[in-house]
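Hi,

Here is the structure I promised to pass on.

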Amino acid sequence: MLLRTLWSRLGTQLHVESRPGCILASARTPFSRTCYLNSLHQQHEQKRNDLLPALGGFKSVSSGCLTDSGRLTNCKSGQACFYSTNLVTSVLKSGLKPATVPGKRAPKGPRTKQPSRANQPSLSEDKDMMQCIAFATADQYHLPTLSHDLINHGFHEIDLPRDASNVLVISTDMAAKPDDNAQIFFFREGSVAFWNVEEKTMKNILRILERHEIQPYEVALVHWENEEINYTVGEGNTKLERGNFILSDEMDQEEAVLEKFAFSNALCLSVKLAIWEVALDNFVESIQSIPETLKSGKRVQLSSAEVMQKIGELFTLRHCINLRSDLLLTPDFYWDRENLEKLYDKTCQFLSINRRVNVVNEKLEHCTQLTDLMRSHLSEKHSLRLEWMIVILITIEVMFELAKMIF
C-alpha cells in the first residue's frame, strides 16, 4: 500500500507536465517487450530518481501490471498497461528450443571393410610386418597364356597339387621385405593375391594381367574393393590372430605355399563377393523407382524387352554367386587337408563371408519378386490389349452385318 501510494502521488504530480504510458508486449506490437516512460520534465527528474530505488526499480513496478494475467490493467495515473500472456509464453518457448544442425551423410565405404584396419597393431609392429593384398580385376583369367607371358617376363612358376588346377602361383625376386619370399596367387575366377610384393612390381604384373582378362572390371572399382591384411613369420603354428596372419617358421617351402594358398583363397572370395555386391546395389538402384511408381498409381515406363533384360541381369548375378563360385560350400581341395581347411574357414569367418552371402541372397529374393511382379503386370496388359482388339473386331463385324440387313 505504501508503494502504491507513493507511485500514485508521483503520477499526480507528473500528470500536468507529461502523461506517461506503460506498454507491455501486445499482440499488435510484439517488439515492445519492456515498459518505458515518455520524457519527463526536467524539474521532476530528481524526484523520480529518488523514488525509484525505494520502489525496487521500475521493472518491479511494471511487473505489477502483469499480476492479473490476461487482463487490461488501468494504472492510477491514467495510463493503460497492455499485455498478452500468450505472446510472452510463445516468446519464452521459442527461446528454449535448441537449434538443430542437419548431419552430413557419411560416404559409403567399400564392401570389404578393410578388416586389417579395424584392429591395427602399433606403428612399430606394423613396420616389421609384411603385406598381403587381394584384388578382383575381371570375371575370369586365361591362366595358360598368363603363365607363359609371366615366365617370359622373368617370373617363376611354382607347382601345386594336381587338384588345385584353377590356381596359378608365381614367385619373384622383387620382395618388399627380406623376411619372406614374394609370391602371387592367380585364381581362374578373376582374382589375384600378392604376398610381400613391392609396389612397382605389383603394378607391372597388373598391367601384364590386363591382356589375359575376360570381361575386366573398372579400375576404380578394382582398387576400391580390395583386401589388405598384414602378416609376419613367427614361432608356433600358422594362425589368424588380431586381424593378421602369422605364418609358422617351421614349415618347409611347399607347406608354406599351401597355407598361403588357403588364406589367398578366402581373401579372393571376399573381394569377388564385394564386386558382386556392388553389381547388386547398382541393380537395386535401377529398379528402386518402380515400387514408388506403383504406389502412386502411375504407369511404369518399362517395356517387355527392358523387363526381360532386368530378369537376365538378376539371374546372371544369382548364378555367379550361388552356382559358379565356392561361396556356399568349402572347396573339394580342403576335404583331405584338415589343417588348411581350418585356416580357410577361420579366414572366411573373419571376413564375414557367410553373413554377406545371406544378405545378398535375401536382396536377390526381393528383386526376383519385383521382377516377377513386373512381368505379370506386362502380361496382364498384353492380355487386356488382345481382349480389346477382339472386342473391336467383333463390333466391326456386327456393324457390317447390320449394314447388310439395312441396305
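Below is what turned up when I went through it, starting with the whole chain and then moving to a few spots.

One thing to keep in mind: this is a predicted model.

**The whole protein**

There are 14 helices and 12 strands in the protein. Of its 407 residues, 40% are buried. If you take the contacts with a separation of 6 or more, 67% of them are between residues 24 or more positions apart.

**Helix 7**

This one spans residues 143–152, and its buried residues are Leu143, Leu146, Ser147, Asp149 and Leu150. Looking down the axis of helix 7, you'd see them fall within an arc of 165 degrees, so they line one face of the helix.

What sits over the buried residues? The cover includes strand 4 (138–141), strand 5 (156–158), strand 6 (167–172), strand 7 (182–187) and helix 8 (199–209). After helix 7 comes Gly154, which has a positive phi, near 100 degrees.

**His212**

You'll find His212 in the loop between helix 8 and strand 9 (213–216). Is His212 buried or exposed? Its relative accessible area is 10%, and the cut-off for buried is under 20%, so His212 counts as buried.

The His212 side chain makes a polar contact of 3.0 Å with the side chain of Thr145, and another of 2.9 Å with that of Asp149. Asp149 is one of the buried residues of helix 7. Setting aside neighbours within four places in sequence, His212 is in contact with Gln140, Tyr141, His142, Thr145, Leu146 and Asp149.

Leu384 belongs to helix 14 (residues 353–406). With a relative accessibility of 46%, Leu384 counts as partly exposed, because exposed would take over 50%.

Cheers

Definitions and conventions: Residues numbered from 1 in each chain as written. Predicted model: local features only at pLDDT ≥ 70, side-chain atom pairs only at ≥ 80, totals over all residues. Heavy atoms only, no water. Buried < 20%, exposed > 50% of the residue type's maximum accessible area, 1.4 Å probe, protein only. Helix = DSSP H or I, 4+ residues; strand = E, 2+ residues; numbered from the N terminus. Arc of directions from axis to C-beta. Contact = heavy atoms within 4.5 Å. Polar contact = N/O pair within 3.5 Å; in protein donor to acceptor, adjacent residues only side chain to side chain.
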